[in-house]
Amino acid sequence: MGQKVNPIGFRIAVSKDWASRWYAESKTYGTVLHEDLMIRRLIKERLQYAAVPKVIIERAANRVRVTIYTARPGIVIGRKGAEIDRLRTDLASSTGKEVYLDIQEVKTPEIDAQLVAENVALQLERRVSFRRAMKKAMATTMDFGALGMRIQASGRLGGAELSRCEGYREGKVPLQTLDANI
């Protein structure tokens with residue numbers, strides 16, 4: 001039987017860092033965790049067109065520092081910072097804590113796996129051919145200097161009766177963690 005391993009949890013000590021950085025006692029752990037999930041969900045809903053691949057949350061006492069990585073910082077900030085102020089006040093009111101927002105720009109969104117996947121999903125929602133969407137995403141990513149890429153779409157592709165999986169690979173896609181980040 002196959003051994004399924006969480007890809008992020010497997011790499012946390014080696015090549016990835018935690019998405020949330022805080023410590024809580026066992027009594028408050030659940031509430032803090034649900035607060036983190038609520039913050040992420042609110043940010044993803046509000047900034048769905050801002051290409052947000054990653055949100056990092058850090059906590060210290062009664063303060064929450066949220067770092068939003070985005071490919072389009074102008075959409076997140078808004079005119080004269082109005083959008084970011086509105087988001088900050090909404091997060092502060094829903095958590096009851098002091099919230100600081102940091103915006104980090106993703107320099108090459110064409111290489112970020114989350115953004116590429118969301119782009120392909122958007123194209124599929126707009127009824128673009130799945131083959132064209134996946135091959136175009138793969139070509140763009142490889143042109144921007146990725147060493148390798150693997151992409152897969154599954155379901156009722158092309159409106160077919162039977163669901164199936166269709167995938168493409170190009171370049172090196174090593175399974176070994178240490179090899180992947182060299």
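Me: α2 passes α4 in a crossing of which hand, left or right?

Reply: The model is predicted: local features need pLDDT of at least 70, side-chain atom pairs count only at pLDDT 80 or more, and totals for chains, interfaces and linings use all residues. Residues are numbered from 1 along each chain as its sequence is written, and side-chain values use heavy atoms, leaving out hydrogens and water. A crossing is left-handed if the near helix is turned anticlockwise from the far one by less than a right angle, and right-handed if clockwise. For α2 passing α4, the crossing is right-handed.

Me: How do α2 and α4 run, roughly parallel or roughly antiparallel?

Reply: The axes (lines fitted to C-alpha atoms over the stretch in contact, with angles from 0 to 180 degrees between N-to-C directions) of α2, residues 29-46, and α4, residues 82-95, come within 11 Å and cross at roughly 155°. Angles under 35 degrees count as roughly parallel, over 145 as roughly antiparallel, 65 to 115 as roughly perpendicular and the rest as oblique. Therefore α2 and α4 are roughly antiparallel.

Me: How many charged residues has the contact of α2 with α4?

Reply: In this contact (heavy atoms within 4.5 Å), E35, M38, I39, L42, I43 and R46 of α2 meet R86, L87, D90, L91, S94 and T95 of α4. Asp, Glu, Lys and Arg count as charged, Ala, Val, Leu, Ile, Met, Phe, Trp, Tyr, Cys and Pro as nonpolar, and the others, Gly among them, as polar. The contact has 6 nonpolar and 2 polar residues, and its charged residues number 4.

Me: At what angle do α5 and α6 pack?

Reply: Helix α5 covers residues 113-125 and helix α6 residues 130-143, with axes 9 Å apart. V116, V120, Q123 and L124 in α5 meet F130, A133, M134, A137 and T141 in α6. That contact divides into 7 nonpolar, 2 polar and no charged residues. The packing angle is about 155°.

Me: Which element gives the most to the lining of the second largest pocket?

Reply: The lining has 22 residues, with R72, L115, E118, N119 and L122 nearest the centre of the pocket. By class, 11 are nonpolar, 5 polar and 6 charged. The elements giving two or more residues are α5 and α6. With 8 residues, the element that gives the most is α5.

Me: How many strands are in the chain?

Reply: Helices (H or I, at least four residues) and strands (E, at least two) are DSSP runs, numbered from the N terminus. The chain has 7 helices, and its strands number 6.

How values were computed. On a 1 Å grid over the protein atoms alone, a cavity is a set of points where a 1.4 Å probe fits but cannot get out, and a pocket is an open set with protein on both sides within 12 Å along at least five of seven lines; lining residues have an atom within 4 Å of a point.
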